[in-house]
Amino acid sequence: MRTNIFTRFSAVVCMLTAMAAAPSESSANNITINKANFPDDIFRQYVLNNCDADKNQSLSDQEIADVTTLFINNMDIADLTGIGYFSSLNLLACHENKLTALDVSKNTALTELDCGRNQLTALDLSHNTALEMLWCNVNQLTSLDLSHNTALTFLCCDYNQLTALDLSHNTALTELYCTYNRISGEAMDALIEGLPVITDGSGFDGTFCVFGLGSQEQNVVTKSQVSAAIAKGWTVLTDSYGTYEGSDGSTFISSLSGDSRNLGAYDCWYDLQGRRLNVKPTSRGIYIRNGKKVILKD
C-alpha cells in the first residue's frame, strides 16, 4: 500500500547516536551551522536543535556520520541547502514543504526519499544509486529519470505532469503509483514494456496503480495495455485500489453530452483507441477529453 514514510515511524525527528562526550576543540572539517551553510531559517534551527549533539553550533565529522534519518515534514521549509553535508543519510522525509528544488547529489547513501507535496519541477537522482523507495508525488515534474536507480522497489509519482516514464532499468520494482499524469498511447506502451516481469516466486503480483477516477486524470490506459501489464505479473488498479480493466470508450468516470467544443482553452483529446489527437476534433463522434468521455454533435 502507498504510505508516506512519516506514518511508518515514530515521532522521533532525528536519529542520533552521538556519544555523550565533553565538547572538544572544533576541527578544520567542522561545518558551522550558519546562514551561509544552511540558508533556510527553519531548517537551520532544526539542525541546531536536533543534529548538533554538543551544542557548539557546528557539526563535527562524528555528528554528521550519526545522522542517518531525517524527518522534516510539513515545516514550511523552502530551501534544503546544506542537506548534502549529511553524507550518511539513509532516509530523508521532507514532504509537504515549500521546496522548489532539491539537491541530494551528495546523499549517496539514501535508500528512502519522500519529497512529495512540494513544488519541484525537476529531480536529479543520478547519484542516488542505492535508492529503494521514492515518493515524489504532488509536485510539478515533467520528466523523471530513474535509469541510475536500479535498486528501486517502490515508486509513487502521482499528481505530476509526466508524459512518459521509462522503467526499463528498474528491474527490482514491485510497486508503482503514477496516477494523474499525462501518459498515453505509445508512451504508455513504453511504460508497460519497461515494467519488470514479476518472477520472485512469492505468489504476489506487482502493484500498478495507473488510473485515477477524478476529472484531473490524463493518463489513458487501454484494455490491451492492461492485459500486457497483467501478463507481466502486475495487478492494475485505480486510485481507489479497485481493479482497472482499461478504457474502451465507455469505462471513464463521466460523460458529457452536447456541444463540448467550448469547454475551455486547454484541450487534451484522444480517440477511443487511446490515440492522442494533435488538434481538437471537429467531426461528430465520441472522444476522450481530459479523462472524460465527450460526445460531439453537429
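1. Which residues of helix α3 (residues 185–194) are buried? They are A187, M188, L191, I192 and G194. Buried means under 20% relative accessible area, exposed over 50%, and partly exposed in between (1.4 Å probe, protein chains only). Helices (H or I, at least four residues) and strands (E, at least two) are DSSP runs, numbered from the N terminus.

2. On the basis of the values: this is a predicted model, in which local features need pLDDT of at least 70 and side-chain atom pairs count only at pLDDT 80 or more, while totals for chains, interfaces and linings use all residues. Residues are numbered from 1 along each chain as its sequence is written, and side-chain values use heavy atoms, with hydrogens and water left out.

3. The face of α3 turned away from the buried side carries the exposed residues E186 and E193. The cover over the buried residues of α3 includes β8 (175–177), β9 (206–211) and α4 (223–231).

4. The largest nonpolar core has 60 residues. A nonpolar core is a set of buried Ala, Val, Leu, Ile, Met, Phe, Trp, Tyr and Cys residues joined through side-chain atoms within 4.5 Å. F86, L155, L165, L176, L191 and F208 have the most contacts inside the largest core. At least two residues of this core come from each of α1, α3, β9, α4 and β10. A second, separate core of seven residues includes M133, W135, F154 and L237.

5. Leaving aside neighbours within four places in sequence, F86 is in contact (heavy atoms within 4.5 Å) with residues including F38, F43, V47 and N107. F86 also belongs to one aromatic cluster with F38, F43 and Y85.

6. A search of the whole structure finds nine aromatic pairs. Rings of Phe, Tyr and Trp (its six-membered ring) pair if their centres lie within 6.5 Å; planes under 30 degrees apart count as stacked, over 60 as edge-to-face and the rest as tilted. F38 and Y85 make a tilted pair, 5.6 Å centre to centre with 55° between the planes. F38 lies in the loop between β1 (31–32) and α1 (41–50) and Y85 in the loop between β3 (69–71) and β4 (91–93), so the pair ties together parts that are 47 residues apart in sequence. F38 is buried at 0% relative accessibility, whereas Y85 is partly exposed at 31%.

7. The ring centres of Y177 and Y241 are 6.5 Å apart and their planes are at 75°, so this pair is edge-to-face. Y177 is in strand β8 and Y241 in the loop between β10 (234–238) and β11 (255–256), 64 residues apart. Y177 is buried, with a relative accessible area of 1%; Y241 is partly exposed, at 29%.

8. How many disulfides does the model contain? The count is zero, a disulfide being a pair of cysteine sulfur atoms within 2.5 Å. The sulfur closest to that of C115 is in C94, 5.6 Å away and therefore too far for a bond. For C178 the closest cysteine sulfur is in C157, at 5.3 Å, again too far for a bond. C115 is buried at 0% relative accessibility, and C178 is buried at 0%.
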